[in-house]
Amino acid sequence: MPLVSNKVVTIERHIIEQQERSNGATGDFSSLLRDLTLAFKIINREVMQAGLVDALGATGTENIQGELVQKLDAFADTVIFRAMDHGGHLCAMASEENENILPIPKQYRCGKYVLLFDPLDGSSNIDVNVSIGTIFSILRRITPEDIPGEMEDFLQPGYKQIAAGYTIYGPSTMLVYTAGRGVYGFTYDPSVGEFILSHDDIRIPERGSIYSVNEGNYHKWDRQMQNYIDWAKSDIPEEDKKAYSLRYIGSMVADVHRTLLYGGVFLYPADIKSYKGKLRLLYEANPMSFVVEQAGGAAHDGKQRVLEIIPEKLHQRTPLIVGSPKNVEEVERFLNAG
Ligand code: AHM
Ligand code: MG
């Protein structure tokens, strides 16, 4: 992947340049993306100070998934909503933290897109200062314009996404996004308050030697998945195959980001406890799958391409196998072995 060395490009400039290249773009979408980056900067500021101020710990309430909501989750959820509710681009939003879709306040204009987001993914890692991230997905509405967005605007398959991406709050903060024409990564420079293009046209390695999965669930998986993991961590001289390394952070954004740059496979399979997997289709699996596919990778649920799943529910879960095309193919081979 070429690292950018000869010019300084902010995300704003990049979005404008991309828009100029796309015939018929109105600028509406570009300004939507620009509004989103403001929310990410505010969340980043708060995440970076989490150890300094009394922002750690849980609010004590549970979200609709029955998980304890951390203070920063709630903060990030509100920041994104408030940054995006008045731009005139969106007709509704939905997030992991809210059971129902979020309407645009009546005083603001309704636009032609819907935004889905996971405000802070991997939030169980906040208290231990491990990377977390924000994930977003943008779809064009299918209901008529000028009325509030409806559930059917959200329940579209992932291949319909107009743009998707994530921000990872780690040793440095990075925003990675695709608008369907390649994947671009921007590193945040806090001294100037800008996301600067640092990873131009990211391509995932065709094959990697890292697998990433919560192997504590091994005994809850079906035999085929166990067989794959047994194979992945074996030296097989006759196949000229060395044991893969295991890396698992427990923050999907961080695990998929590493997979995108180093190659390999990230898995969150179904198991006997979570028979549909753990990750949410619309605002976790779909956006990450879109990014990885746009970088030349693959994303499956064990039976089909994730981006072709027809969603039935806003908070629907899906098994996820995402990463380098050859590694995803290997997993599929084991899952289809019967
Ligand atoms: P969250 O949205 O509640 O943070 O949960 C999603 C996270 C993912 O980031 C990560 O891949 C997964 O949960 C880890 O789950 P587990 O602890 O079961 O390995
Ligand atoms: Mg999440």
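Predicted model: local features only at pLDDT ≥ 70, side-chain atom pairs only at ≥ 80, totals over all residues.
Let me begin with Trp 231, which is buried, with a relative accessible area of 10%, where buried means under 20% relative accessible area, exposed over 50% and partly exposed in between, using a 1.4 Å probe and protein chains only. Residues are numbered from 1 along each chain as its sequence is written, chains are lettered from A and ligands numbered from 1 in the order in which they are written, and side-chain values use heavy atoms, with hydrogens and water left out.

What surrounds Trp 231? The charged end of Lys 241 sits over its ring, 4.7 Å from the centre, and the charged end of Arg 333 sits over the ring of Trp 231 as well, 6.0 Å from its centre; the criterion is that NZ of Lys or CZ of Arg is within 6 Å of the ring centre and within 35 degrees of the ring normal. Trp 231 also forms one aromatic cluster with Tyr 228, Tyr 244 and Phe 334.

Across the whole structure, the search finds eight aromatic pairs, counting rings of Phe, Tyr and Trp (its six-membered ring) with centres within 6.5 Å, and calling planes under 30 degrees apart stacked, over 60 edge-to-face and the rest tilted. One of them joins Tyr 188 and Phe 195, whose centres are 4.9 Å apart and whose planes stand at 50 degrees, so this pair is tilted; both residues are buried. The rings of Tyr 228 and Trp 231 have centres 5.9 Å apart and planes at 35 degrees, so that pair is tilted too. Because Tyr 228 and Trp 231 are three residues apart in helix α5 (residues 223–232), about one helical turn separates them, and Tyr 228 is buried, at a relative accessible area of 0%. Helices (H or I, at least four residues) and strands (E, at least two) are DSSP runs, numbered from the N terminus.

Turning to the sheet, eight strands form an open, mixed arrangement in the order β4-β3-β5-β6-β7-β8-β9-β10, where two strands pair if DSSP finds at least two bridges between them. β4 (102–103) and β10 (194–199) stand at the edges with a single partner strand each, so one side of each is left without a neighbour in the sheet. Further in the description, β5 (residues 113–121) and β6 (residues 132–140) pair in the antiparallel sense over seven bridges, and Val 114 has Leu 139 in β6 as its bridge partner.
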